[in-house]
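Biologist: Could you take one part of this model and go through it closely, strand by strand, and then say what surrounds any charged side chain that deserves a careful look?

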Amino acid sequence: MIFKVFKKQELARLYELLAVNVIVGPVARGNDRNGKPLYDFDVIYDFNELALDYTQTVHSPKRFVLPYHETLSTFAVSRDNWEKHVDLNVYRPLVFFGMHACDINALNKLDLVLAQSTYPNPYYMGKRKNLFIIGLDCNPEPQCFCRSMGTDSAIHGFDLFLTDLGGKYFAEILSATAFDLLSQINCKEPSAKDHSLYKHATSGKSKHYTAAVDTSDLTKILDLEFESKAWEHWGEKCLSCGTCANVCPTCYCYGVEEHVDLDLKHANKTKSLHSCNLIDFAKVAGGHNFRPKSASRLKYRYYHKHRGFVEAFEESLCVGCGRCGEACLADITPPAVIASVRGKE
Ligand code: SF4
Ligand code: SF4
């Protein structure tokens, strides 16, 4: 990895160099009912719109590579022929300006399934390969348990990663494009003092972590506790609203629908993100529902994240961002659920 440092005022110049592309970044979105500032990712038209001191966005960057709703193909039938039109819905490169490490790691996890598996998803890959990502360091919020999940720092999956050293940024460069861009702004090699400021900044995060998940032997504990009463306990609270999957940066389950126009000459196939907590998630043709109870659906979500995915890819499908717990109206959080399954609460 190559390191550079540059003064903070150079960041606006970097933005201008990238502004020929669509730029997405964190923006302020008012306050919640307790007065806490809310942030989300959105398309940016001016550098000053960027809220680079954001804490955490309500939604993850997922929707820019996995839209909640997407047309996969359209069909047209003429008298003796038919045509299928596939649009990967990739129009221009997209620059992500200021993504935290947990969200970068979430995209890396989605890659394992959607880009690097036996059946890669071309709709995802087209968008993912056209991303230019500028990462940004953060201070953990009370709900963050990314350190427990090993996702509090990113070592790949970005082009450039910036750490705030006070009046300047410490830049980690991972791509040739990022290197070329930085050569067009005023930056220099980091000094020994910059190294020590960087180490101080990263180690200083530790004291901010208040939430944690004990992941030791978690797959085995989950195997042992499949019939635990804890699942009933949380299932009774769960509203089956699907909000947790909506805000989660790594939930990727989806459903596909085909619609035929009334003229019987046109049709389309669409894909919508789904949630395993929704009541019809495991309903199949004929009407049978394999998981009619909220407890079994909630349990399935945890087993996919912390058991099945670990078995398949040797890492969890959770990055510990805590968004699901923050958004849940029933106060269901991964640290509380996993602690209770372990018998700690
Ligand atoms: S766990 Fe919470 S957010 Fe998720 S479906 Fe249940 S009530 Fe909704
Ligand atoms: S399950 Fe919850 S904590 Fe884990 S990545 Fe998804 S939203 Fe974040």
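**The open sheet and a buried glutamate**

Modeller: In this predicted model, strand β12, which covers residues 266–273, is joined to β11 by seven bridges, and the two strands run antiparallel. Within that pairing, G255 stands opposite S272 of β12. Both strands belong to an open sheet of four, whose order is β5-β4-β12-β11 and whose pairing is antiparallel. At its edges lie β5, residues 82–86, and β11, residues 254–260, each of which pairs on one side only. On average, and with direction ignored, neighbouring strands of this sheet are turned by 15° against each other. As for what holds such an arrangement together, strands of a sheet pair through backbone hydrogen bonds, either parallel or antiparallel. Helix α3, formed by residues 122–129, lies across β5 and β4, the latter spanning 69–77, and the helix runs at about 125° to β4.

E172 is buried yet has no salt bridge, and the nearest side chain of opposite charge, that of K205, is 9.5 Å away; a salt bridge would require the charged atoms to be within 4 Å, so K205 does not qualify as a partner. What the side chain of E172 does make is a polar contact with the side chain of Y198, at 3.2 Å.

Definitions and conventions
Residues numbered from 1 in each chain as written. Chains lettered and ligands numbered in written order. Predicted model: local features only at pLDDT ≥ 70, side-chain atom pairs only at ≥ 80, totals over all residues. Heavy atoms only, no water. Pairing = 2+ DSSP bridges. Axes fitted to C-alpha atoms, helices over the stretch in contact; angles between N-to-C directions. Contact = heavy atoms within 4.5 Å. Buried < 20%, exposed > 50% of the residue type's maximum accessible area, 1.4 Å probe, protein only. Lys, Arg positive; Asp, Glu negative; His and termini not counted. Polar contact = N/O pair within 3.5 Å; in protein donor to acceptor, adjacent residues only side chain to side chain.
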